[in-house]
Amino acid sequence: MTDLFRSVAEQPESRALTRGLWVRRGVLALFAVVVVLALAGVAGQPGSTSRADAPAATVAVGMPDAVRGGLFFQAKVDIAARRDVEHPRLVLNSGWTEGMQVNSIEPGAESESSRDGRLVLSYDRLAAGDTMTIWFQFQVDPTQPGRRDFGLELDDAERPLARVPRTITVFP
C-alpha cells in the first residue's frame, strides 16, 4: 500500500489542478479589491454639504451627490438662527418630492403647504442663537433617473432669508 501512495506522490501535478488553484486565487483577489474600494469610499453614497450664510441664519444641507434607483438615503438640514425668525419656513424645490418617496421628516413640521408647486414646511419660532436639525428619509424611484433640483430656501413667513442651491443625480 505504501508503494501505491508513493507512486501517486511522485506523479507531476495535472495542469487542471494548477489552473484551478490560480482561478480561485484570482476570484479571491477580485473580492479583496472590491472590499478595499468600498472601504476607501469609492463605492456607496458619499455625501457633501452645501451651505448658505445670511445675516439672519446659516443653513446647511448634507446629502449624497448621486444615488441609485431603489436606494434609501438621508438628507440633513441644519439651521442656525443669528437673529429671531418668527415664522421659519423651509421651501423645498420640486426635486425633493419628484421621483422620490418621502419616508419621514423629523421633526415633523407644524404645518405643510404648497407655494408655486414647492413644498413648504412651517416650524416654530427660532430665537437668535437657536439651532434646528431636520432629517429627511427618502427612497429613490428607480423609474425616474436624471438630475433633480434639491435646492431649498429658508423664509420668515413669505420673506426669503437664505437659499441653498443643490442638485442630486439619480442613476437607474
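Reply: What follows is a set of questions and answers on the terms applied here. This is a predicted model, in which local features need pLDDT of at least 70, side-chain atom pairs count only at pLDDT 80 or more, and totals for chains, interfaces and linings use all residues. Residues are numbered from 1 along each chain as its sequence is written, and side-chain values use heavy atoms, with hydrogens and water left out.

Me: Why is Met132 called buried?

Reply: Buried means under 20% relative accessible area, exposed means over 50%, and partly exposed lies in between (1.4 Å probe, protein chains only). Met132 has a relative accessible area of 13%, so Met132 is buried.

Me: Where is Met132 found, and what does Met132 touch?

Reply: Met132 is found in strand 9, residues 131–140. Strands (E, at least two residues) and helices (H or I, at least four) are DSSP runs, numbered from the N terminus. Contact means heavy atoms within 4.5 Å. Not counting residues up to four places away in sequence, Met132 touches Val77, Asp78, Ile79, Tyr123 and Leu126.

Me: Why does Val23 count as exposed?

Reply: Val23 has 52% relative accessibility, so Val23 counts as exposed. Its place is in helix 2, residues 15–39.

Me: What makes Val23, Val27, Leu28 and Phe31 a nonpolar patch?

Reply: Patches are made of residues with over 30% relative accessible area and no salt bridge; nonpolar side chains (Val, Leu, Ile, Met, Phe, Trp, Tyr) are joined within 5 Å, and like charges within 9 Å. Val23, Val27, Leu28 and Phe31 form such a patch on the surface, with about 410 Å² of accessible area together. Accessible areas come from the Shrake-Rupley method with a 1.4 Å probe, and for residues only the protein chains shown count as cover.

Me: How do you know that strand 11 and strand 12 pair?

Reply: Two strands pair if DSSP finds at least two bridges between them. Strand 11 (residues 152–156) and strand 12 have five bridges and pair in the antiparallel sense. Within this pairing, Leu154 has Ala162 in strand 12 as its bridge partner.

Me: Which strands does strand 5 pair with?

Reply: Strand 5 is joined to strand 11 by five bridges, and the two run antiparallel. Strand 5 also pairs with strand 8 (residues 118–122) in the antiparallel sense, over four bridges. Val91 stands opposite Glu153 in strand 11, and Leu90 stands opposite Leu121 in strand 8.

Me: What is the order of the five strands in the open sheet, and which strands stand at the edges?

Reply: The order is 7-8-5-11-12, with antiparallel pairing. Strand 7 (111–115) and strand 12 (159–164) stand at the edges: each has a single partner strand, so one side of each is left without a neighbour in the sheet.

Me: What makes strand 5 mostly covered?

Reply: Four of the five residues of strand 5 (residues 88–92) are buried.

Me: How do the side chains alternate along strand 4?

Reply: In strand 4 (residues 72–81), Phe73, Ala75, Val77, Ile79 and Ala81 point to one face and are buried. Phe73 has a relative accessible area of 4%, so Phe73 is buried.

Me: Why is the contact between Arg166 and Asp65 called a salt bridge?

Reply: A salt bridge is a side-chain nitrogen of Lys or Arg within 4 Å of a carboxyl oxygen of Asp or Glu. The side chains of Arg166 and Asp65 meet at 2.8 Å, N to O, in a salt bridge. The pair links distant parts of the chain, 101 residues apart. Arg166, at 5% relative accessibility, counts as buried, whereas Asp65, at 38%, is partly exposed.

Me: What about Glu153 and Arg163: how close are their N and O atoms, and are the residues buried or partly exposed?

Reply: The closest N and O atoms of Glu153 and Arg163 are 2.2 Å apart, and the two form a salt bridge. Glu153 has 4% relative accessibility, so Glu153 counts as buried. Arg163 has 48%, so Arg163 counts as partly exposed.

Me: How many salt bridges are there in the whole structure?

Reply: A search finds 10.
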